[in-house]
Amino acid sequence: MFDKLEDLLIRFEELMSELSEPDVANDPVRFRKLMKEQSDLTPIVNAYKEYKQCKQNIEDSLALLEEESDEEMRELAKEELNDSKARVEELEKELKILLLPKDPNDDKNVIVEFRAGAGGDEAALFTAEICRMYIKYAESRGWKTELTSADENGIGGFKDATLLINGAGAYSRMKYESGTHRVQRVPETESGGRIHTSTMTVAIMPEVDDVEVQIDPKDYKFDVFRASGNGGQCVNTTDSAVRLTHFPSGIVISCQDEKSQLKNKDKALKILRARLYDLEQQKQHDEMAELRKSQVGTGDRSEKIRTYNFPQGRVTDHRINLTLYKLDKIMNGDIQEIIDACIAADQAAKLAKMNENA
């Protein structure tokens, strides 16, 4: 591990030197590439430099204890020694996590697809609430959201919907949300006061560009239609909405949130690329079932990941056995604690796997 860290430290210094060269600033593509690499290496290099400093502090404290006779100075040296030893242990754990292979999609924007499951209108209402939960969460992180399509059921629920989230590191956080979400509560339409159980599914996909997924224009067609639902008079009186049909996969995508037909076409193609990329990823997940089981549900759409129990005000994440009694806050977008716990569990599983293979 430390040989690799030394190599990364050397590479970081090389990057700093390259970035100071005048020619680099005149080459935007190279400059962005070097800046991205520098940004990725900075947290690792900073942690390793602190680790080396703490190791040096330990040596200095031990030497001082051997040489120093003044009791007050010896106490200060002991305190420094204990603090540095404790910090070294923390940094070793941090460095192991920082050296874990990074998901190449982590920095990407995401496309979220929602679909009501069992439960009829109640499932559709819950789907709309989960969609709003993620919009609130995205807003709390300063991310931009766009609801590109929503098939409403007439009482405020969504049979299905598609949400775009644009923000730095969005996929690294949101990828743990894929799966089946279950709600337990008394529906407004239930006169007998019985608790019902309904479900909906969430699919999280990284946004990919046309270099990563190439689509032949001969493989799809666009149809245009008049948008429906809320939106200004221009939206509802012009044929700006589009429906994209991809022949090889059978995927059909509707997009109507923009007044411009061209912008809706661009968004529909963006969603299609993500869907095709996701299909390939799902195929790879199926081929690597054992690996998938060792991770914290970051791709199996059929997995029941979470239950929202309204009568008891609790939310339980079944993958990590986490239960929180703050349902109202969570439904209002306060899901960071759950996501952080999923990240920690995923890292622990990967570290355990790495130690097994060491």
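Reply: Arg 185 forms a salt bridge with Glu 129, and their closest N and O atoms lie 2.7 Å apart. A salt bridge here is a side-chain nitrogen of Lys or Arg within 4 Å of a carboxyl oxygen of Asp or Glu. This pair links distant parts of the chain, with Arg 185 in strand 4 and Glu 129 in helix 5 (residues 120-140), 56 residues apart. Helices (H or I, at least four residues) and strands (E, at least two) are DSSP runs, numbered from the N terminus. Arg 185 counts as buried at 10% relative accessibility; buried means under 20% relative accessible area, exposed over 50%, and partly exposed in between (1.4 Å probe, protein chains only).

The model is predicted: local features need pLDDT of at least 70, side-chain atom pairs count only at pLDDT 80 or more, and totals for chains, interfaces and linings use all residues. Residues are numbered from 1 along each chain as its sequence is written, and side-chain values use heavy atoms, with hydrogens and water left out.

Another salt bridge joins the side chains of Lys 175 and Asp 103, at 3.4 Å from N to O. Lys 175 sits in the loop between helix 6 (170-174) and strand 4 (179-185), and Asp 103 in the loop between helix 4 (71-98) and strand 1 (110-116), 72 residues apart. Lys 175 is buried, at 7% relative accessible area, whereas Asp 103 is partly exposed, at 23%.

Arg 11 pairs with Glu 18 in a salt bridge, the closest N and O atoms being 3.2 Å apart. Salt bridges with shared partners connect Arg 11, Glu 14, Glu 18, Arg 30 and Glu 37 in one network. The structure holds 28 salt bridges.
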